[in-house]
Amino acid sequence: MAKTSNEILEIVKNLTVDEKIRCCALYQDRFGNLPRYGIAYRSCDNPSGGWCEYFRLPREEMEDKFWGTCFPQAAAQGATWDPELAYAIGEAQGKECKNQDVDIILRPGVNMKRSPLGGRNFEYYSEDPWLAAEMGANYINGVQSQHVAANLKHFVCNNQEYERMTTNAVVDERTLNELYLRVFQLVLEKSDPWTIMSCYNKVNGKWVHQNSYLMDKLRNEFGYRGLVMSDAFAVHYREDKVEGHKCGLDVELAEEDNHVHFLRDAYHNGEISEKALDAIAYRVIECFYKIHDGYMVPEINLEAHHALAKRGALEGAVLLENDGVLPLDAQKLDRLAVIGAFAKAPCYMGGGSGHMNGHTLDIPTDEIDRLMGGKPYAYAAGYQINAGFPPEDTPRPDLVAEAVETARQAGTVILFAGYPYGVESEGYDRTDLLLPKSQRDLLDAVLEVNENVILVINTGAPVDITAYNKRVRAVLQGGYAGEASGSASVDILFGLAEPGGRLPETWPRRLEDTPAYLNFPSYPDTVPDVVYGEGLYIGYRWYDARKMEVEYPFGYGLSYTTFAYSDLALDRTETDAEGSVTVTFRVKNTGNRPGSDVAQVYVRAADSSIHRPVKELRGFQKVRLQPEEETTVSVTLGRRAFECYTSALHKWVVEEGNYEILVGRSSRDIQFSASIKIHSDEKVKLFSPQTQLGHFLKEPGFTEAIADQPQEVRDWFDEEKNPILPLGVAIPFGQFGEADLGQGKLSQDMIQGVVNKLNQG
């Protein structure tokens, strides 16, 4: 059934105008809807084909529904730092979609985590574009290997849920390109998603789907040729619909209703051309034939997919604290107590479009029963679980009292905590970083009577546990790790597996420390413009620049073994802007257990002429080693690793200078570094007569640019010969043609000549 480009063009040529217009919106939840050609296809958030049982009902009541695999959600996948695993999960979800006639799965989300309060952060991989792009691109490639379209979203700056349908993200040009657009650009360089979803919000005053700057970036600079759809009901009114389609939007994700009427009217009024409609119809039809090209519908092995989900949960679980109590030995445990209702009803996913009904849900207490081999242990719920959007937090002093008595008599306590379903969800943001009060009351009470507590947390984003993490013996963050999260956590606690995860985002000490604290809207304020006042500095970039202590840094995670890094080498010490450098080093497992570590490579611009983050992730590799095993890690850094965006020239450049290559186990645990010199004539800024003198003095070519001037002029601009020069650095260079400050008036031709020389390099 595959079609060539010419065959698709022939179909488009034969369509009526009304058929072309009908391609621009959904009809009865279908794309395309061209009955003459048998074209119609559908999208869904997950492989269940549109059915979402948000509040888990008894299984027997839902036997006629598809119970697919709930894999770890994006944040938990990001914690694996394993792009190959992201591919495998995408491939498995693609098979389930194909089996259930889902043509487009509305994933992955790669938006940056600007604030840990973001209600949808569990659906996004990381606070860093490099990690998010690697994970997202591999997931896309996995999904589309099964001839199911992945949907890259949300383009762009969907960094909050509160007022997401009306808010305007105000972002400076450099920040927009280096962070929020960059992740999409990197994904598109590593994959070819057949569909992309634009977001609800405006960016710099215009809805994204009709923002010519952003859509031009996507279609032309990034070279995207696939289908662009809006988020559901994100296209608001007649002019919005028309402008969106003229800018590059293909499909409005809403029932056609007035859409067709408006576009037909716009076409007959000359507001939208048939050529634009032809381009939309082409992309809609092309996507259909990519999906339906004769690929056989696969049989799905839910047991194998469950095993893959468990592998993901193990690889993404992050051990935050351990004073040596873990791993536990079931045979030596005396008077074990398991506390927390999540031990019997785990929370393994967030709300909204990230939802997926799990086929096989692993229960922690079932796994503990198995490992204890019939050896008794005590259990107490400790708190009541409520689900909702958002759920209530119900005080239960009776459950706390029962848990305290259980803990008082225990030798070791495993306490399960986290967020009930709906605390983190599409549609709204969190208002604080705290665990539910019922759980905090429980922790305070239990720790009063027993300090031998192991804390297991399941949340989709950072939480403030600073009141407890140094009082308990160990902390394991399991994340929203899908249907196998219960057995994965228990396997790690009892040493059947190692904690393979590393944090894909920084855990701050206080909400007030976070980058967007004063610029992230919170209830009940109405904030039409959300100013991204922190600029480039989100996540670890912010905490590094401010030299601020954090609770757990980006890339952090403990292991049950130890690792040694050695023998850092670069294959060259100099290159040009288009060159590359290969970084190699050795990693050895120096402990007595198998384990994995994530070797992280950061780049620092040592002498940039503009402000840049202290360091930025530019490569990583997960290594798995047996005791005493050693391996060589090799990471090649090309042009992309050294670029910065210059708003003065509206483009990416590589500035000449020295760059440090930093190799570490987290953003705060740098093992060693090396330097490379990059030669480049690319500029990051433009000079003009209104540019302040200080910028000229810092430019390496300035001395040469004034070499033909009289000696008194050259001496005046030489700080060794002119002690008052620092007083003039804030004066625009052109003013030296207006006033004689001791060097004689400069001619306007001389001033412009110097400017031209510097701008030409």
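The model is predicted: local features need pLDDT of at least 70, side-chain atom pairs count only at pLDDT 80 or more, and totals for chains, interfaces and linings use all residues. Residues are numbered from 1 along each chain as its sequence is written, and side-chain values use heavy atoms, with hydrogens and water left out.

Side chains of opposite charge can pair when their charged atoms come close. Here a salt bridge means a side-chain nitrogen of Lys or Arg within 4 Å of a carboxyl oxygen of Asp or Glu. The count is 57 salt bridges.

Start with a pair inside one helix. Helices (H or I, at least four residues) and strands (E, at least two) are DSSP runs, numbered from the N terminus. Glu 221 and Lys 217 both sit in helix H8, 4 residues apart, about one turn of the helix. Their closest N and O atoms are 2.8 Å apart. Lys 217 is buried at 6% relative accessible area, while Glu 221 is partly exposed at 40%. Buried means under 20%, exposed over 50%, and partly exposed in between (1.4 Å probe, protein chains only).

Other pairs reach across the chain. Asp 18 forms a salt bridge with Arg 264, at 3.1 Å. Asp 18 belongs to helix H2 and Arg 264 to helix H10, 246 residues apart.

Glu 189 and Arg 640 meet at 2.4 Å, N to O. Glu 189 lies in helix H7 and Arg 640 in the loop between strands S25 and S26, so the pair ties together parts 451 residues apart in sequence. Both belong to a network of salt bridges that also links Arg 182, Glu 578, Arg 639, Glu 643 and Glu 682.
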